[in-house]
Amino acid sequence: MDFELMINSFPKLLNAAVITLKLLSVSLIVGLFIGLLFAILRLNKNVFINKFAYGYSYIFRGTPLLVQIFIIYFGLGQIEYLRSTFLWVILKEPYWCAIIAFALNTGAYTSEILRSAFQTIKPGIIEAGQSLGISSKIIFYKIQIPIAIRQSLPAYGNEIILMMKGTSLASTVTLMDLTGVAKYIISTTFKPIEVFIVAGGIYLFMTFIIHNVIKFLEKKYSFN
Amino acid sequence: MELLAFGDTGWGDELFRATLMTIAVSITSMLIGFSFAGIFTPLKLSKFKSLNLVANIYTTVIRGVPELLVIYLFFFGGSGAIMFVASMFGYNEYIEINAFITGSFAIGIISGAYSTEVFRGAIQSIDKGQFEAAKVLGLSKFAQFYKITLPQMLRLAIPNLSNVWQITLKDTSLISVTGLVEIMRQSYIAAGSTRDPLFFYSFAAVLYLLLTFLSMKLINKLEVKYSRGY
């Protein structure tokens, strides 16, 4: 065991963890909106809209995240037309490509989580709202969405942790996130176990925090 | 379309072989995962706190750390560890283990952590009365496991194992960083030499979709088979 290396690499890895957290938080926020939008589309009665939303979640859940990043980062740059639009400012940056891929990916999973949450809301609750003369818009925003969010907290907590692990793929498109820096240190020092312990420890610590925050929220918003 | 031609002119046969490689790695990883689950599930269900702790550390660490980091650990640390063991037996030459074995082990350990949780859940949801009945009938521990626990566990575990399979199948794409020529690596090579990444990565996505789709069909059949009588 090379403890000196472990101590020396700790601040570097901690700095890299900040990038991991940035990637994670931006992707989650964007992904949540995408997820909500597609969950609502899934519940639409129009077959085409419904099928479109299902197709989106099927494709993004059925292919590896690595393929998605590569298509966006290496693939989209190939389209001449895109290069001439303002989108190119975003798509030439690996940082934004990674975030687009992560957000679309987590959006697909989130839409499934929210859809099943919407579907498990008891019809009686909505009927109660209707009989009180509340408009369907307000029923949706004030009754269905809050209940669905509460219902989906445990599953969404898992999704956050999966996404945190997913951000490690940013290192494949040259970003120096926690895994990227860990790989760099491993490949220059050839001490994989030491670096794994430190980097893995940081990841586990973040998992631990996320897990407990979700648990706290679950308790806070429990029905009883 | 000529990009996908078989033979020297296109990438069809290469991609076909790469797809077979992905399937082979996925199945190997899944089986390695089952062996890990075979060790750690009993530990999780054991009466002894210390054994529980060992199993909990395994599943918590593996499920809380990115797959890519585990792969790097095995990729850079694998041959070192083997050489260390070999040196204890007096063998000091350089040993290189191939990417297939390193990759399958890395993904296998990850898949094993998920399988352990699935099996634990499945065994715990078997009605306790069944075990008592087995005891009353005087079945041996061995017979109890093979005739009562295992068949019921499989039925309960299959839906969740199909999730583990999906995760494992998708995780194998990460082995491409170690140079094993599976779908992702082959697409990378083809994209590099034809300068057409959009086409090849999209095609890779289609291949993965096909694999997940076909395996779901197969697993659904298994599910029906093991749910006979319910």
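At what angle do helix 6 of chain A and helix 8 of chain A pack, and how many Å apart are their axes? I looked this up before anything else. The angle is about 145 degrees, and the axes are 8 Å apart.

**Ground rules.** I am working on a predicted model, in which local features need pLDDT of at least 70, side-chain atom pairs count only at pLDDT 80 or more, and totals for chains, interfaces and linings use all residues. Residues are numbered from 1 along each chain as its sequence is written, while chains are lettered from A and ligands numbered from 1 in the order in which they are written.

**Chain A overall.** I listed ten helices and zero strands in chain A. Helices here are DSSP runs (H or I, at least four residues), strands are runs of E (at least two), and numbering starts at the N terminus. I noted the box filled by the C-alpha atoms of chain A: roughly 70 × 50 × 25 Å along the principal axes. Of its 224 residues, 38% count as buried. Buried means 20 or more other C-beta atoms within 10 Å of the residue's own, exposed means 12 or fewer, and partly exposed lies in between, with C-beta atoms placed from the backbone. I also checked contacts in chain A with a separation of 6 or more: 78% of them come from residues 24 or more positions apart. A contact needs C-beta atoms, placed from the backbone, within 7 Å.

**Helix 6 and helix 8 of chain A.** I went back to this pair. Axes are lines fitted to C-alpha atoms, for helices over the stretch in contact, and angles run from 0 to 180 degrees between N-to-C directions. On the helix 6 side I found residues including Phe102(A), Tyr109(A) and Phe118(A); on the helix 8 side, residues including Gln144(A), Tyr156(A) and Met163(A). By class, the contact has ten nonpolar, seven polar and one charged residues. Nonpolar covers Ala, Val, Leu, Ile, Met, Phe, Trp, Tyr, Cys and Pro; charged covers Asp, Glu, Lys and Arg; the others, Gly among them, are polar.

**Helix 3 of chain A.** I counted eleven buried residues out of eleven in helix 3 (residues 65-75). Among them are Gln68(A), Phe70(A) and Gly75(A). They pack against helix 2 (47-62), helix 6 (94-119) and helix 8 (136-166) of chain A, together with helix 7 and helix 8 of chain B.

**Gly77(A).** I found Gly77(A) in the loop between helix 3 and helix 4 (80-84) of chain A. Is Gly77(A) buried or partly exposed? It is partly exposed, with 16 other C-beta atoms within 10 Å. Gly77(A) touches Leu91(A) and Lys92(A), leaving aside residues up to four places away in sequence. The C-alpha atoms of Gly77(A) and Lys92(A) are separated by 7.1 Å.

**Across the chains.** The contact takes 32 residues from chain A and 27 residues from chain B. On the chain B side, helix 8 gives the most, with nine residues. By class, that side has 19 nonpolar, five polar and three charged residues. I then took one helix pair. The axes of helix 9 (residues 178-189) of chain A and helix 3 (residues 67-88) of chain B come within 10 Å and cross at roughly 5 degrees. They are therefore roughly parallel (angles under 35 degrees; over 145 is roughly antiparallel, 65 to 115 roughly perpendicular, the rest oblique). Residues including Ala182(A) and Ile186(A) meet residues including Tyr72(B) and Phe76(B).

How values were computed. Contact = placed C-beta atoms within 7 Å.
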